[in-house]
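Take a short walk through one chain of this structure.

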Amino acid sequence: MLGFFEKIGDNFLYYLEQAGRMGVFLFNCLINAFKPPYKIGPIVRQIHFIGARSIFVIVFTGAFTGMVLALQGYYTLTKFGSEGFLGSAVALSLIRELGPVLASLMVIGRAGSAICAEIGIMRNSEQIDALECMAIDPHKYLMVPKFIAGVISVPLLTFVFDVVGIFGGYLVGVGLFGVNEGAFFNGMYSSVTWQDVHMGVVKSLIFGLLIIWISTSKGYFLHYERSGGFGAEGVSRNTTNAVVLSSVTILVWDYLLTAILL
Amino acid sequence: MKRFKVETVVGLFLVAGFICFAYLSVKLGDLNFFGDKTYQVVASFNSISGLKEGASVEIAGVQIGKVAKVFLDTKNYEAKVELAINKGVELQEDSIASVRTAGIIGDKYIKISPGGSPMNIEPGGEIAETESAINLEELVSKYIFENK
Amino acid sequence: MEKDIRPAVIQLIDVEKSFKSQQVLKKVNLSILEGTTMVIVGASGQGKSVLLKHMLGLLKPDKGEVRVFGKDLAKISKKELKEVRQNYGVLFQNVALFDSMTVFDNVALPLRERTKASEKEIKANVDEKLSMMDLQGAGEKFPAQLSGGMQKRVGLARALVLNPKVVFFDEPTTGLDVSRSNEIYRLFYRTQQQLKYTAVIVSHDVPKIFKLADYVALVAKGQVQGCMSPEDFQLSDLSEIKTFVKETMGPIYSSEEEEMGFYETL
């Protein structure tokens with residue numbers, strides 16, 4: 001019986017410690033982001049990796065998300081004879097909800113996992129220790145460019161996702177089902193407000209930060225993993241954990257942010 | 001094929017992203033970066049049931065502005081609506097603003113019927129004559145009870 | 001042997017460290033003097049690497065002090081620790097080269113991140129260090145394309161690029177064949193002559209490593225069992241050292257005749 005409680009306490013302390021470490025890590029990264037020297041080169045490379053190279057996935061998924069929204073929306077809205085709302089239905093659900101969330105999930109799958117594995121391997125092969133011993137702060141050198149790139153890239157990818165999705169919806173709604181083109185766009189223009197766009201922007205900014213935070217810190221603290229963060233298996237398990245954790249976190253934060261911003 | 005430079009690709013990405021953002025915020029979100037092109041007019045209603053901020057303001061079915069703000073006048077418990085009317089559209093003093101519904105369950109919007117007065121409403125002025133929203137349920141119950 | 005009067009660069013005073021319930025270091029005391037070469041030997045798992053990590057400031061002791069240039073590493077600020085580390089060069093056990101960068105960029109990294117040197121100066125410095133290591137022309141390659149010995153040499157070049165005062169070697173020759181490890185030792189000797197750095201070497205390569213050492217320290221059972229010149233080490237009466245010498249050097253060195261021979265030459 002005592003063993004049971006001991007285990008619970010142990011777990012609690014472990015996760016508390018983990019959370020504390022991640023918090024300090026985030027703090028260090030953010031502080032370092034504002035400290036000179038500012039180097040553009042690494043940031044550009046990270047934007048290339050996180051943002052630019054995700055664009056095809058984003059366009060693809062965005063288009064199909066918009067198309068399926070139009071399909072579902074049309075099916076539901078015809079029952080009430082209000083196909084005119086199709087445009088606003090597609091645009092609003094994309095801008096407020098699906099754009100930020102799905103774009104973030106794509107970035108997690110493409111870049112988050114890679115970042116976690118990269119940092120994890122660097123930790124494993126003493127590359128991070130080497131940096132520290134060279135008096136190079138790994139937060140500044142490794143993490144800051146990723147954080148900045150993430151916070152820039154995820155919102156931009158979200159916008160691309162939204163716009164491509166809207167035109168995907170247009171393709172299905174207007175092209176396939178023959179909804180009036182003017183009704184589609186005018187309904188959309190009049191129902192979407194800056195509030196909605198603002199919500200999408202705030203969400204995607206925060207999601208970008210969360211993704212990079214979780215992926216980098218999971219890799220960075222590989223050696224603290226209780227399940228034994230060593231070797232190739234440790235890295236792979238940790239990467240899986242990072243992907244799961246960041247996906248869940250995104251969805252939880254999505255709810256919280258919606259509740260706050262509404 | 002020649003490989004593109006990282007900088008070029010990133011530049012393209014940034015430009016594409018910002019164009020999309022501009023489309024969303026300016027075209028859809030009505031964010032005005034280039035000064036206000038509207039003027040404000042207020043109107044009081046007994047009830048606006050369901051009118052939302054951002055709803056359109058129309059004359060003869062043509063959109064001439066938007067509902068900028070909806071709030072309660074706590075003095076006499078009337079609904080106050082602030083309308084942002086496009087510059088260039090002048091409203092006569094005796095114009096009538098009414099809350100209407102597009103279709104049976106559609107969005108509420110404000111319809112303005114132009115008057116004949118030679119005087120126009122100044123920016124910041126008030127539309128004196130208003131018609132409140134027609135409440136479908138009230139209408140139906142009235143009809144039922146009157147025929148009893 | 002007379003008392004060495006050179007000042008200590010690194011001092012470990014009663015350092016203790018435990019991981020979970022296992023105590024790895026129990027009251028470790030060790031001084032490393034300026035300009036000397038300290039070789040730390042010991043069987044695997046006796047805390048050599050942990051000891052090294054304490055000197056590098058990567059681990060903090062539970063108790064005791066690690067003093068580098070007179071400063072207690074556990075008590076100084078991050079900034080001061082950074083300053084201390086400016087004087088460090090480290091060759092890690094598995095070299096820890098940044099595998100996504102070319103050899104040139106690897107060696108240039110400390111210069112780029114820590115100094116304001118122009119790209120031209122950096123190139124001159126890096127090329128000089130690379131040729132010092134007989135690595136001319138390898139600059140554009142990636143670490144994974146190099147042999148183990150070459151990787152070690154790149155690591156050494158990187159460790160030395162800022163002309164550090166103290167250089168740490170964590171098992172510099174593990175995984176290398178005899179001629180390759182001789183080459184590393186030769187490079188080590190040559191660079192130390194040139195740059196006059198203090199060296200701390202953690203190694204298994206007994207007895208060859210003794211030729212380079214000014215002092216040898218044996219770590220066993222979480223403690224420094226003794227720190228003395230290699231000659232004294234091999235003839236020491238301390239039981240732990242005796243066992244270690246016997247196990248690692250075989251009967252030749254510990255046989256009666258050999259010992260007699262040693263005494264005669266001394």
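A residue counts as buried if 20 or more other C-beta atoms lie within 10 Å of its own. The model you see is predicted. Start with strand S9 of chain C, residues 215-220. S9(C) is mostly covered. Five of its six residues are buried.

Which strands pair with S9(C)? One is strand S3 of chain C, residues 37-41. S3(C) and S9(C) run in the parallel sense, and four bridges join them. The other is strand S10 of chain C, residues 223-228. Here the sense is antiparallel, and the pairing has five bridges.

Now look at one residue, C:Ala217. In S9(C), C:Ala217 is the bridge partner of C:Ile40. C:Ala217 also has a bridge partner in S10(C), namely C:Cys227.

Next, follow the chain from S9(C) into S10(C). The two strands form a hairpin, with two residues between them. C:Lys221 sits in the turn. Its phi is positive, about 55°.

How much of chain C is buried? Buried residues make up 38% of its 266 residues. Contacts also reach along the sequence. Among those between residues at least 6 apart in chain C, 67% join residues at least 24 apart.

Conventions: Residues are numbered from 1 along each chain as its sequence is written. Chains are lettered from A and ligands numbered from 1 in the order in which they are written. This is a predicted model: local features need pLDDT of at least 70, side-chain atom pairs count only at pLDDT 80 or more; totals for chains, interfaces and linings use all residues. A residue is buried if 20 or more other C-beta atoms lie within 10 Å of its own, exposed if 12 or fewer, and partly exposed in between; C-beta atoms are placed from the backbone. Two strands pair if DSSP finds at least two bridges between them. Two residues are in contact if their C-beta atoms, placed from the backbone, lie within 7 Å.
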